[in-house]
Amino acid sequence: MAELGHEVLGVDVDDSKIAALSAGTVPFYEPGLPEVLQRNLESGRLSFSTNYARAAEFAHVHFLGVGTPQRHGSYAADMTYVRAVIEELVPMLKGDHVIFGKSTVPVGTAAKLQELADSLAPEGTSVEIAWNPEFLREGYAVKDTITPDRIVLGVRGGESAAEEIAREVYAQPLEQDTPFLVTDLQTAELVKVAANAFLATKISFINAVSEICEITGGDVVALADAIGHDDRIGRKFLGAGLGFGGGCLPKDIRAFMARAGELGADQALTFLREVDAINMRRRDRTVDLAKRAFNGSLLGHRVTVLGCAFKPNSDDVRDSPALSVAGSLSLGGAAVTVYDPQGMDNARKVFPTLNYADSAHAALEDAELVILATEWQEFRELDPEATGKLVASRRIIDGRNVLDVSAWQSAGWIIEALGRSVNNLA
Ligand code: UDX
């Protein structure tokens, strides 16, 4: 928002994050974001605080972007943090305010928050809740924010100031002809979960086809290329492999199913259960391939897992397929060494018992089996010959279908890739 030219105050309840941001440090890895932060701190357009009272005085336009993680013991989204923002902020407001929700929420939330805000707003204060879902991808957050591929805004029926304010806030992308879709609140909420459910379904579709390719000796990558040429299908998000993870897709499809159940429409989304199951089976399949490489027992075998972030260009390990595989192998008795260019600190907190190497080179030394689990550029570019000199045994599983199979085979490697050339290890 500051980069788009606005005066911005960022508020969070976490002192350490606010201190880091105020000092110009982004407390997670996101390419390009440190430069944006620095530039806007220096210009004086951006500052940070833990103080809601300051936020209440500072602005009449507020963006709510707190997390909605999966609730413990349930598929539903945990709405505690979203409600807490309204409960803290609204009683302090004076005058006319609009709060734009960005968090991914169950359909019906905005209307409920409007009731809550109405009940908490001081006499003479008006607070409108609008919904403006966020579609940014980790790793491309800056680009997706400055030049989004669409802006969706849900507004309440009747009197609303939100659209006019949103047009001002997003003047810059709107000048560049970014599609701007104004809907009712529930449609805007649903757009976000539907988009993520579709993406998850697309990935699981190709991974289901992978299972058939593995049995028949087909090649899922060639197949994805072939069907991807049909522009009704498209090649994007047909990357077969270890499947999806992260802080959004897995919990969003589960929350969508949970909400459908509450609405008495479970049947509409039961297919998402299958999407989830297909996705999880890819992790099991990878662990099975590793076991097969050691004739059924992982005990004591040295396995190197390249990558622990849920995807490249991120340090996020939430529900990471790579870390899940590394953890399962370790629990199965293997001596697992992990290297990731950015995800190690976060992984250590979740899985302290794995060995963490300082570099890909160190991780590969003496490995009996290598698993490429997150497709960082550094791993895509590994030279099969040089890598072969480091390991104890030239055996690799390409969990992301990014290696040149024939080049690795020519260098004497036994290479297994999910959905391709399984006969190799048989
Ligand atoms: C996703 C949505 O893309 C974004 O619009 C939304 O705002 C938040 O959720 P993100 O979680 O950053 O973004 O990751 P994304 O790039 O969508 O990847 C999700 C997962 O799918 C990753 O684990 C990735 O490795 C996996 N993936 C992606 C595949 O397995 N195959 C593919 O072809 C594409």
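## Helix 9 and helix 10

Helix 9 (residues 185-216) and helix 10 (residues 220-228) pack against each other at an angle of about 135°, and their axes lie 10 Å apart. Because of this angle, helix 9 is oblique to helix 10. The crossing of the two helices is right-handed. The structure described here is a predicted model.

On the side of helix 9, the contact is made by Ile206, Val209, Ser210 and Cys213. Helix 10 contributes Val220, Leu223 and Ala224. Sorted by class, the residues of this contact comprise six nonpolar, one polar and no charged.

## Helix 4 and helix 5

Helix 4 passes helix 5 in a right-handed crossing.

Arg83, Ile86 and Glu87 of helix 4 meet Leu113, Leu116, Ala117 and Leu120 of helix 5 in this contact. The contact of helix 4 with helix 5 consists of five nonpolar, no polar and two charged residues.

## The surroundings of the ligand

The ligand has 20 residues around it, and those that come nearest are Glu138, Gly239, Phe244, Gly246 and Cys248. Helix 9, already described in its packing with helix 10, also takes part in this shell: with three residues, helix 9 gives the most to it.

In terms of residue class, the shell around the ligand divides into 10 nonpolar, six polar and four charged residues.

## Threonine 178

Threonine 178 is located in a loop that runs between helix 8 (171-175) and strand 7 (180-184). Within 10 Å of threonine 178 there are 14 other C-beta atoms, so the residue is partly exposed. The reasoning rests on two limits: a residue is buried if 20 or more such atoms lie within that distance and exposed if 12 or fewer do.

Leaving aside residues up to four places away in sequence, threonine 178 touches Pro148, Arg150, Ile151 and Pro173. Aspartate 149 is 29 residues apart from threonine 178 in sequence, yet the two are 6.3 Å apart in space, C-alpha to C-alpha.

Notes: Residues numbered from 1 in each chain as written. Predicted model: local features only at pLDDT ≥ 70, side-chain atom pairs only at ≥ 80, totals over all residues. Helix = DSSP H or I, 4+ residues; strand = E, 2+ residues; numbered from the N terminus. Contact = placed C-beta atoms within 7 Å. Left-handed = near helix turned anticlockwise from the far one by under 90°. Nonpolar A, V, L, I, M, F, W, Y, C, P; charged D, E, K, R; others polar. Axes fitted to C-alpha atoms, helices over the stretch in contact; angles between N-to-C directions. Parallel < 35°, antiparallel > 145°, perpendicular 65-115°, else oblique. Near = placed C-beta within 6 Å.
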